Structure formats: structure tokens, C-alpha cells
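Hi everyone, thanks for making time.

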Amino acid sequence: MGLALFCSCKKGFLTQSNPNAVSVPAFFTSETDALLALNGCYYEMKNNNAMGEESDLFTDQRSDDAGTNDNQSNAGEPFQFNNFSLLPTNSYLYSHWKQMYLAVANCNYVLAGLDQVKFTDSLKPTYSAEAKFLRALLLFDLVREFGDIPVSTVPLSTTAQITAATFRVPAAQVYNQIIADLVDATKSNLPVRQPAGNRGHASMQAVNCLLGTVYLTKYATLDGGNKGTAPNADLDSAEYYLSACYNQRTFTDLKTIPYTDNFDVAKKASCPELIFQLVYLQGDITYYSHIAADAQGAGEQITTKKVQSGVGYNVTHDLVKEYEVTDLRDSFSIRYDSFKTVKDWYVTKYRDTSGTAGANGYGGNDFPVMRYADVILKLAEVNLYRGNTAQAIQYLNFVRTRAKMPDYATSMNDPGYSAKYPTLKLALLHERRSELAFEHHRWFDLLRFFNIDDLVAYVHAKNPADWGLANIANFNTKDQFYPIPYNEYILDPKRMYQNPGY
């Protein structure tokens, strides 16, 4: 599935000299070849070492929502992520880097190869827009995780080309490339919303959502918006594209869509809130979803019929205490496992107990990468930055109303709520956490809402006991970014310079 363009050797971040790979000129001979190659890009992006449903090690487990309490298994390497003791030699980090760049390289090959196919209709601009969307999505995660990163937008086929491209590009330039790809995609013939049979492919809704998020993140982080010092140009663009996405919705009010529909296997092809999702095939031994089965703790039968013996996906007690008492998202998303070897909380948000999934746990859950509750809360965030408090609260209330929670004004009259979330900013961050838990948003939300000094203070103010075995005292300013994997750094220590603190 896709182009095998990466091999394990010492040629750097975009090694593309696998002798078993099909050469691009030979591979691209028809429209069918082009589609297969494009599908390969989606497939590589869905790998759990990249952005797949179980890539939470690189996102949620870095945050205050989740993380293993096992500091011994696999040489303790997974534990390093939520313990803030990550080493440049961590093999999981290196696997993540390689897989992300493999997926980027595949997008580059597709975009170069499209010119070699004689298309009979309008498929070429569609495929080009999809490949650029995927490349932008991958680079966006990479720049948020590592800061300055290598970027190549063309295939690299020789050692000399690879060596020349092995250097870190300033984050501002990376954002420019991401934006350029997405702006190109906005000018394409992508459908506003993909039909059910083509879900999982990019749409204009997804492009606008991602582009608005990119501009919002750039405003808050690079421009200094989370320090209160940024100009408004990127914020204007964030509002423009997020509003464009919102106006492309096919429903009236969010409250008309039950929260649980986003995670219902039977409704994954029809739920109008879903914008972009990773597609998995129920009952298929190769392409099934693992998340419902792997999340479940021993002695439980809530998320899967598969019998498990482990603890499932750990939930921090910090998150357990975050949910408001009557929040329906609490009881749907997490559950306490009283089994004698567990006695802790696990994730129940993804469920498939169908006969088709069966005792093997071959689930059919799609993973939601983008959905409208996220867009609505980001529009609230934009208005918060603008000082448009009433508009920000209106968007916030759209999400709270759907969850059957009191509106913001009523909640602020509750001493418990107002004490925990004394500002609208903290209320928005709380709502995003309650709404989007385990959807790989939380770590990036924290980095966007706080500058790194304020984030260190925010984390250190939490109760260490609520993080399990992880030592939050380890968290400091270096943890804004991951280290550059050692095997990449040593290729050229000057041009692949290490992040501070590592």
C-alpha cells in the first residue's frame, strides 16, 4: 500500500533509496496508479508511529490527560514522554520522526508524479490538493513537536540531494510552507464535504479547518498571541478560515447532534459533525481499529468483547477531577475499573462490542481528527483574543448546551466552577479538555493557550499525585519541544542542531 520510500540507513530524514521501491516514473502510468499512490499517503499517515488512532504517546500522553504508569516496560521509554524525561535516543521518538517523514516523502512523490499522468478529467487538481493537505497536516504536527525542522517539497533520490536537504528550517518558514500548501488546496476542486463512501479523504471543510488552526497556532505561538503582544493579521486569517469551515456545515445547531454520534460505529459515515477522520474497517483482520479493544481494562466488557488482562489506556486523576459532576461526556469517555489488578480509570470513548468486531476486537471505529465542536471552540478562542467576550461566550455555550451543561453565565455563579476557571480563557481550555479528551488535542492546546513560562507554572501548580508515577517537577521550558532524535542530530550537528536542554 503506497510507495516504499524509506529505509533504515544513515542518509537522514528523507532517505528515499530503498532498492525495492518502485521508481516513480514507472509507477505513475495511469489515473489508477495515481489514486493508489495517494491512498498510500493516507495509509502512511494513519500509522501509529505517525498520526494514527493509537499515536497518543506523542500527544495525549505528553499532556495531563493520559500516560502510562509503567516505568519499566520497554526499557521505560514510553514512560519518558509523560515523565518529561525524554532522551534524544528514545527509540519511540525516532520511529515517530521516521514515519512522519516517510509520509511527507510519499506526498512529495505523488505531487511530482501527477505531472506524468495524462488525466481525462478533473482528478489531477483534486489529487494534488489532497496530497498538499496531507503534507501540511504532517508538517504542522512536526513543527509543533520539534520546532525548527527539515523541509523538502520535492523527491530526493540521490545521497547528495538528501545531504543537501538535511538541515533544520526555522519554524516561521515551515509555517509559510504549510500555509502555501493549504491556500493552494482552497483554490482546488475538492468537494465541500466528502460523500460517505469517500470519507477519510480531504474536503474543503477539512482544508479550511486546518488552515484556520494553523493561523491560530501561528498567532498564539510564533507571533506572541499567548503573551498578548501579537499583531492581528494571522488572527484575521484564522477567523476567516475557521468561519468558512463553520459556514460549510450541513447542520443548523450543534445541539441537534448527540455527542456520542461522533464515536458511534453505526453513524461514522453519516454524522454531520465529523470533518476529517481516519477510516478503519470493522471485522477486517488487516485494517480494523484497535483502539476500543486496547483501551479496555481487565474484567471489563464496555468497549469491546475482547477479553483483556491489562490496565487499558490510563487516565490521569487530574482529568478525572476536571469533569463537572453532571457532565455526560465524563461517563461516556472514562470509567473506573474495579478489577483487582487494575483499580484505576481507563478510556471508554471508543466502543465496538458488535458481533462483527467479535472476541478478537476487530473494531470499526473511525478516529476523529477534526470535528465541528473543535471548530466552534476555536472560534471562541479567536474572539477571546480579539476581546469579543460576548461572541466567545456564545460559541462556548453552543458546546456546553449540547452537553446539557449550564451556560457560562450560570456556571460562573457556581463557586466551584468560578474558583477553578476564574477567567474565560481557562473556561475555554476546560471545555476543550472535556469535549475533546483522547482526540490528540490536549498537548497542542496547552502549547497554544500558554507561553512556555506560563505553562510551566500551570503544570507545577497541579497536584503531583494526580499524575500517577510521572514526576511533573521534571517539566520545564525545554519541554516545549521534543529533542531531535540522536540519529538525526549526528548526521550534521551544526545544521541539525539539538533543541535547548537536551
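Lys-343 sits in the loop between strand E2 (334–337) and strand E3 (344–347). Its phi is near 50 degrees, a positive value in a residue other than glycine.

Before I go on, the ground rules. This is a predicted model, so local features need pLDDT of at least 70 and side-chain atom pairs count only at pLDDT 80 or more, while totals for chains, interfaces and linings use all residues. Residues are numbered from 1 along each chain as its sequence is written, and side-chain values use heavy atoms, with hydrogens and water left out. When I say helix or strand, I mean DSSP runs numbered from the N terminus: H or I of at least four residues for helices, E of at least two for strands.

Next, the loop between helix H2 (31–45) and helix H3 (77–83), where Ser-73 lies. Ser-73 is partly exposed, at 35% relative accessibility, and its side chain makes a polar contact with the side chain of Asp-70, at 2.3 Å. A polar contact here is a pair of N or O atoms within 3.5 Å; within protein, one must be able to donate a hydrogen and the other to accept it, and residues adjacent in sequence count only if both atoms are side-chain atoms. Asn-74 is in the loop between H2 and H3 too, and has a positive phi of about 55 degrees although it is not a glycine. Ser-63 has its place in that loop as well, but Ser-63 is buried, with a relative accessible area of 1%. A polar atom of the Ser-63 side chain lies 3.1 Å from the backbone nitrogen of Asp-65.

Now the cysteines. Cys-209 is buried at 1% relative accessible area, and Cys-245 is buried at 0%.

Two helices next. H14 (residues 389–402) has 14 residues and reaches 20 Å from its first C-alpha to its last, close to the 20 Å expected at 1.5 Å a residue. That expected span is 1.5 Å times one less than the number of residues. The buried residues of H14 include Tyr-395, Asn-397, Arg-400 and Arg-402. H14 is followed by Lys-404, whose phi is positive, near 60 degrees. H17 (residues 424–436) is mostly covered, with eleven of its 13 residues buried. Among them are His-430, Glu-431, Arg-432, Arg-433 and Glu-435. Just after H17, Phe-438 takes a positive phi of about 65 degrees.

Last topic: empty space. Rolling a probe the size of a water molecule over the atoms shows where empty space is left. On a 1 Å grid over the protein atoms alone, a cavity is a set of points where a 1.4 Å probe fits but cannot get out, a pocket is an open set with protein on both sides within 12 Å along at least five of seven lines, and lining residues have an atom within 4 Å of a point. Grid points are joined across faces, edges and corners, and a volume is the space filled by probe spheres set on the points.

The whole structure has three cavities of 30 Å³ or more. The largest cavity holds about 330 Å³, and of its 28 lining residues, the closest to its centre are Asp-141, Arg-144, Val-369, His-440 and His-441. Which helix gives the largest share of that lining? H5, with five residues. The second largest cavity holds about 50 Å³, and its lining includes Asn-262, Asp-264, Lys-268 and Phe-367.

And the largest pocket? Its volume is about 760 Å³, and of the 32 residues lining it, Asp-56, Leu-57, Gln-61, Thr-68 and Tyr-313 lie nearest its centre.

That's what I have; over to you.

Notes:
Buried means under 20% relative accessible area, exposed over 50%, partly exposed in between (1.4 Å probe, protein chains only).
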